[in-house]
Amino acid sequence: MENEERSSEYVLSNGDVYRGAFKGMIPHGKGKYTWLDGTIYEGDWEDGKMAGKGKIRWSSQAVYDGDFSGGYLHGFGTFIGSDGSMYRGSWKMNSQHGIGRKQYSNSDLYDGCWREGVREGSGRYAWSNDNIYIGNWKNGKMSGRGVMKWFNGDLFDGFWLNGLRDGSGCYRFSDGSYYFGTWSKGLKDGSGTFYPAGNKHLSKLDLERNKDKRNKLLSQLSSDHLDEPVLPSVKRSLSEKISYSFRRGSGGFSRKTTFLNDDLISTDSMKEMVPLDRSVSITSNGSQDGQTEYPDSKTVAYEREYMQGVLMKERIKNVSKLSHRSKQRLKFAKDVENKSCLNIFEGHRSYYLMLSLQLGIRYTVGKITPVPMREVRSSDFGEQARIRMYFPRKGSRLTPPHHSIDFYWKDYCPMVFRNLRELFKLNAADYMMSICGDDGLRELSSPGKSGSLFYLSHDDRFVIKTLKKSELKVLLKMLPRYYSHVQAHDNTLITKFFGGHRITLKHGKKVRFVVMGNMFCTELRIHRRYDLKGSVQGRFTNKDKIDETTTLKDLDLAYEFHMDRSLHEALFRQLSLDSAFLESQHIIDYSLLLGLHFRAPEHLRSLLEPPDSQPNAENTNNTDGVNSQGDILIPPRGLVLVTHEPGSVSIAPGPHIRGDTLKAYSIGDKEVDLLLPGTGRLRVQLGVNMPAQANHKILQADIDNAETELFEVYDVVLYLGIIDILQEYNMKKKIEHACKSLKFDPLAISVVEPKIYSKRFITFLEKIFPVQP
C-alpha cells in the first residue's frame with residue numbers, strides 16, 4: 001500500500017505548498033507546486049522530480065511550457081521571458097540545445113541550431129530593420145561560411161570568425177560593384193580585386209537571374225557577423241536556469257536559479273571595430289563617400305593590397321580578357337552550394353579516402369592511447385611495429401559500419417608516433433577531434449608538382465599529405481634519428497610528423513599518408529609565403545598566376561630581413577643543427593617555408609581605426625623599447641618587443657609550436673613577447689611570431705636619380721620551418737635536378753652532395769637574413 005499513488009495537499013515547513021499525487025512520501029504523478037516567492041509549477045512528477053509535460057511560471061512572469069526530465073527543462077518546449085522574448089525549440093538540461101527559434105524583445109529573430117544555450121551550427125538571424133545573416137555560428141558568434149545581406153542591398157558572402165569577417169569573401173555593393181579579397185578580424189587584409197558596377201565580366205555571375213535558387217540555398221546555411229551598415233544592438237533577454245528536486249530529509253524542494261548565458265550580438269561595438277571602406281567610393285545607400293566615375297568601367301578592375309584595413313597598393317588593370325585567377329574569383333559568389341566548409345564531395349575519389357583516413361586514425365589512436373606511456377624501444381621502429389585492420393563497409397566485431405568503401409588499414413610505428421605527439425605536447429583527444437570530428441577535412445590543391453593530395457583539418461591545425469612509396473620508406477628509415485633529434489632540440493624547425501598510415505582499397509590500390517603540423521595555422525594572417533631552396537633554376541612564379549594563396553619561390557623574394565641580434569643567432573643556430581641532421585640522413589632538396597605577415601604603418605592605420613579600437617595603455621610606459629646602450633628596438637614602432645609575461649599571452653602548444661620563448665638582445669637578453677598595436681600580444685618562439693624589418697630595394701628604373709638608392713621598409717612578422725625532407729640524394733632524378741639547379745657537374749656527384757646542398761642552403765639564407773652591424 002505504501003507505493004500506491006494518493007492525492008493530497010502538503011504544506012512544507014518553509015511555506016511552499018504541494019497539491020497533487022504522491023508515491024509514498026514523494027510527489028509522483030500530476031501535481032502543482034507553489035513556492036513562497038510565487039513561482040508555480042503544474043504538471044507531471046516522477047519520484048519527486050518534475051518529469052514529463054508541465055508548465056512553470058516564475059515570480060518574474062517568465063513562463064516555460066513543455067517537456068521536463070529529472071527536474072530539468074529537457075525536450076521540447078516554449079519559453080517566454082519577462083522581457084517578452086520567446087524561444088520555442090529543443091532543450092537539454094535547462095539550456096537551449098538543438099533546433100529552435102528565438103524572437104527577441106526588439107523583434108529580432110534567430111532560427112537555427114543551439115548548443116548549451118548559445119547559437120552554434122547553422123542558423124538564420126534577421127534583424128528588425130531587415131538585415132539578414134545566414135550561415136554558421138560558433139559560441140554564439142558568426143564563425144565559418146556565411147552570407148550577410150543589409151537592408152540597402154549590400155551583401156557579403158564569405159568566411160567569419162568570432163563575429164568578424166575573417167578569410168576569403170566577396171562583398172557586393174548595392175550599385176552592382178564587387179570586391180573579392182580576404183579579411184582578417186573584420187578588416188581587409190591581403191590582396192583583392194575591385195570590379196566597378198557595369199563591368200562586363202560581372203554579368204557572368206548571373207546573380208539576379210538565379211536569385212530564387214540562391215535564396216533557397218542560403219536558407220540552408222548559417223553564420224554570424226556584420227559589416228559596414230549600422231545594425232541595432234540586441235537586448236539581453238531574461239531566461240532562468242532551474243533545477244528542482246525533492247529533499248526527503250528537510251521535507252522541501254531546493255531551487256537553484258541562474259541565468260542562461262545567451263551571448264547576443266552587439267552590433268554597435270562591431271561597427272566601431274569595422275571602419276567604413278574609404279578606399280572604395282562606390283558604396284551603398286547612406287554612405288558617407290561620394291560617387292566616383294571610373295574610367296571605362298566595363299573593362300577596368302582594380303587590384304589592391306591591404307594591410308589591416310589600410311590600402312597599401314593599387315593597380316588599375318584593363319580586364320579585356322579574364323585570367324584564370326579572376327575567373328575563379330568571379331565564380332566565388334556561386335559557391336554557396338557548399339553547405340559547409342567541407343570541400344570534399346561524395347562521389348569524388350578523395351571523399352572515400354578522407355572517410356577511410358578518419359576511421360583508421362580514430363581506431364589507431366583509440367587503441368594505442370590506453371597503453372601506459374614508456375620509452376620507445378628499437379623494436380618500436382621495426383617491421384613488426386604495425387597495426388593492421390580490415391574495415392568492411394557493413395562493420396565487424398572490431399570496426400563500426402561506415403559510408404566509405406571496404407578497405408584495409410595499416411598504421412606505422414604507432415608507439416613512436418604516440419610518443420612524438422606527447423613530445424609535441426599534443427593531446428590525443430584534441431588530435432582526434434581535429435582530424436576525425438564531424439566537420440571533416442578540406443581537400444587542398446597541391447602547391448607543388450608532386451601530384452600529392454593534401455587535406456587540411458577543419459581547424460587548420462594539421463596537414464595530411466599522400467606520399468609516394470619511396471617517400472614513406474625514407475620517413476621510416478630516418479624515424480629513429482628523427483625521434484632523437486626532436487627529443488634533443490625543442491626548437492627544431494623541421495616538419496613535425498604526427499602519424500604515418502596506409503590505406504589499401506579492395507581492388508589493391510594503396511595510398512600512403514603522413515600527418516604533419518600546419519606551419520601557417522597562425523594568429524596573424526599570412527600575406528606572402530615562399531618556398532626557398534637556395535637555387536635559381538626555375539625558381540620563379542608566373543606573375544599572372546599569383547594570388548594570396550600562391551607559394552612563391554627564391555627569385556620572387558625581393559626582401560632582406562633584419563632581426564634582433566639574439567633572435568638572429570637563435571635562428572641560425574637551429575638552422576645549422578637541423579641542416580646537419582638532414583645532411584647526416586643524406587637528405588637534399590628540402591626547403592625553408594617562409595610566411596610573412598605585413599603590418600600596416602601606424603600613421604596610416606590611425607586614420608582608419610576609431611579611437612576605441614586603439615590598443616590599451618598596458619605596457620605603454622614600459623622602458624623595454626630601448627636597451628641600455630640606447631639602441632632602437634628592431635623592429636621599431638609598428639612592432640614592439642616587451643618582457644615576456646606568461647599570463648598575458650597564450651602558451652598553449654600548437655601543431656607547429658613547441659620550443660622556448662626566445663630572448664632578445666634589444667631588451668637585455670630577456671624572454672620577450674611581441675606587442676602588436678591594435679591586435680594583441682604574442683609569445684615569440686623560434687619560427688613563430690618572429691618580428692623583423694623587411695627591406696625592399698627600389699629599382700633604378702623607378703626613381704629619377706640614378707645615384708640614389710632607395711628602400712621600402714615594412715614591419716613584418718615571420719613564420720618559418722623546414723619542409724620536404726623526404727627526398728634522398730641517391731635518387732637519380734633528384735640528383736640531376738639538384739645538380740642542374742645548383743650548377744654542378746653531374747659527373748662530379750659524390751657522397752658529399754648532401755653537405756654541399758646544406759652549405760648552399762645556409763649561405764642563401766644568410767643573404768636574406770643578414771647579420772646586423
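I take buried to mean under 20% relative accessible area, exposed over 50%, and partly exposed in between (1.4 Å probe, protein chains only). The model is predicted: local features need pLDDT of at least 70, side-chain atom pairs count only at pLDDT 80 or more, and totals for chains, interfaces and linings use all residues. Residues are numbered from 1 along each chain as its sequence is written, and side-chain values use heavy atoms, with hydrogens and water left out.

Entry 1, whole protein. I noted that 53% of the 773 residues count as buried. I recorded 11 helices and 39 strands, taken as DSSP runs (H or I, at least four residues, for helices; E, at least two, for strands) numbered from the N terminus.

I found Leu555 in the loop between β31 (551–552) and β32 (560–562). Leu555 counts as partly exposed because its relative accessibility is 49%.

I checked the length of α8 (residues 565–584): its 20 residues should span 28 Å at 1.5 Å a residue, and the end C-alpha atoms are 29 Å apart, which agrees. The expected span is 1.5 Å times one less than the number of residues. At the N-terminal end, Asp564 caps α8, with a side-chain oxygen 2.9 Å from the backbone nitrogen of Ser566. Just after α8, I noted a positive phi of about 60 degrees at His586.

I listed the buried residues of α8, among them Leu567, Leu571, Phe572 and Phe581. The buried residues of α8 pack against elements including α7 (469–488), β33 (591–599) and α11 (753–768).

Key
Contact = heavy atoms within 4.5 Å. Polar contact = N/O pair within 3.5 Å; in protein donor to acceptor, adjacent residues only side chain to side chain.
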